[in-house]
Amino acid sequence: MKQYEYETNGVCAKKIRFTVDDENKLHDVSFEGGCNGNLKAISRLVEGKDASEIAKLLSGNFCGNRSTSCADQLAKAITSC
């Protein structure tokens with residue numbers, strides 16, 4: 001498994017940490033800062049799922065009038081690794 005840490009831009013969460021296993025599955029997704037309940041839910045929902053599929057699913061998700069969201073930032077984090 002490879003561990004990653006991504007510094008976010010334009011959202012309340014400051015960092016995203018996660019691991020990707022040899023089968024490209026996401027594990028241990030955690031956010032530093034942000035909306036605790038919502039981000040815990042995202043982490044649970046993506047656990048064990050294919051990283052590429054999650055990136056496609058969450059990419060372009062906006063928060064209010066922002067051009068990004070914590071979910072979108074997770075997609076960016078996945079595609080950058």
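Two strands are said to pair if DSSP finds at least two bridges between them. On that basis, Glu 5 stands opposite Arg 17 in strand 2. The structure described here is a predicted model.

**Pairing of the strands**

- Strand 1 and strand 2 run antiparallel and are joined by six bridges.
- Strand 2, residues 15-20, also pairs with strand 3, residues 26-32, in the antiparallel sense, here over five bridges.
- Arg 17 has a place in both pairings: Glu 5 stands opposite Arg 17, and in strand 3 the bridge partner of Arg 17 is Ser 30.
- Ile 16 stands opposite Phe 31 in strand 3.

**The hairpin of strand 2 and strand 3**

- Five residues lie between the strands of this hairpin, and Asn 24 takes a positive phi near 65° there.
- Asn 24 is found in the loop between strand 2 and strand 3, and its positive phi is that of a residue other than glycine.
- Asn 24 is partly exposed, with a relative accessible area of 28%.
- Asp 28 likewise has a positive phi, of about 55°, although it is not a glycine.
- The place of Asp 28 is in strand 3, where Asp 28 is exposed at a relative accessible area of 52%; this value counts as exposed because the class covers residues over 50%.

**Val 29 in strand 3**

- Val 29 belongs to strand 3 and is buried, its relative accessible area being 8%.
- Setting aside neighbours within four places in sequence, Val 29 is in contact with Ile 16, Arg 17, Phe 18, Ser 43, Val 46 and Leu 74.
- Among these contacts of Val 29 is Leu 74, which is itself one of the buried residues of helix 3.
- From Val 29 to Asn 9 the separation is 20 residues in sequence and 17 Å in space, C-alpha to C-alpha.

**Thr 8 in the loop between strand 1 and strand 2**

- Thr 8 is placed in the loop between strand 1 and strand 2.
- With a relative accessible area of 13%, Thr 8 is buried, because the buried class takes in residues under 20%.
- The side chain of Thr 8 reaches the backbone oxygen of Ala 13 at 2.3 Å.
- Apart from neighbours within four places in sequence, Thr 8 is in contact with Ala 13, Lys 14, Lys 15, Ile 16 and Gln 73.
- One of these contacts of Thr 8, Gln 73, is listed among the buried residues of helix 3.

- Helix 3 is largely enclosed by the rest of the structure, because eight of its 11 residues are buried.
- The buried residues of helix 3 are Cys 70, Ala 71, Asp 72, Gln 73, Leu 74, Ala 75, Ala 77 and Ile 78.
- The cover over these buried residues includes strand 1 (2-7), strand 2, strand 3, helix 1 and helix 2 (51-58).

**The largest pocket**

- The volume of the largest pocket is about 190 Å³.
- Its lining consists of 13 residues, and those nearest the centre of the pocket are Cys 35, Leu 39, Cys 63, Ser 69 and Cys 70.
- By class, the lining of the largest pocket has nine nonpolar, three polar and one charged residues.
- Helix 1 (36-46) and helix 3 (70-80) each supply at least two residues of this lining.
- Helix 1 gives the most to the lining, with three residues.

- Cys 35 is placed in the loop between strand 3 and helix 1.
- At 47% relative accessibility, Cys 35 counts as partly exposed.
- Cys 35 and Gly 48 are 13 residues apart along the chain, and their C-alpha atoms are separated by 22 Å.

Key
Residues are numbered from 1 along each chain as its sequence is written. This is a predicted model: local features need pLDDT of at least 70, side-chain atom pairs count only at pLDDT 80 or more; totals for chains, interfaces and linings use all residues. Side-chain values use heavy atoms; hydrogens and water are left out. Helices (H or I, at least four residues) and strands (E, at least two) are DSSP runs, numbered from the N terminus. On a 1 Å grid over the protein atoms alone, a cavity is a set of points where a 1.4 Å probe fits but cannot get out, and a pocket is an open set with protein on both sides within 12 Å along at least five of seven lines; lining residues have an atom within 4 Å of a point. Grid points are joined across faces, edges and corners, and a volume is the space filled by probe spheres set on the points. Ala, Val, Leu, Ile, Met, Phe, Trp, Tyr, Cys and Pro count as nonpolar, Asp, Glu, Lys and Arg as charged, and the others, Gly among them, as polar. Buried means under 20% relative accessible area, exposed over 50%, partly exposed in between (1.4 Å probe, protein chains only). Contact means heavy atoms within 4.5 Å. A polar contact is a pair of N or O atoms within 3.5 Å; within protein, one must be able to donate a hydrogen and the other to accept it, and residues adjacent in sequence count only if both atoms are side-chain atoms.
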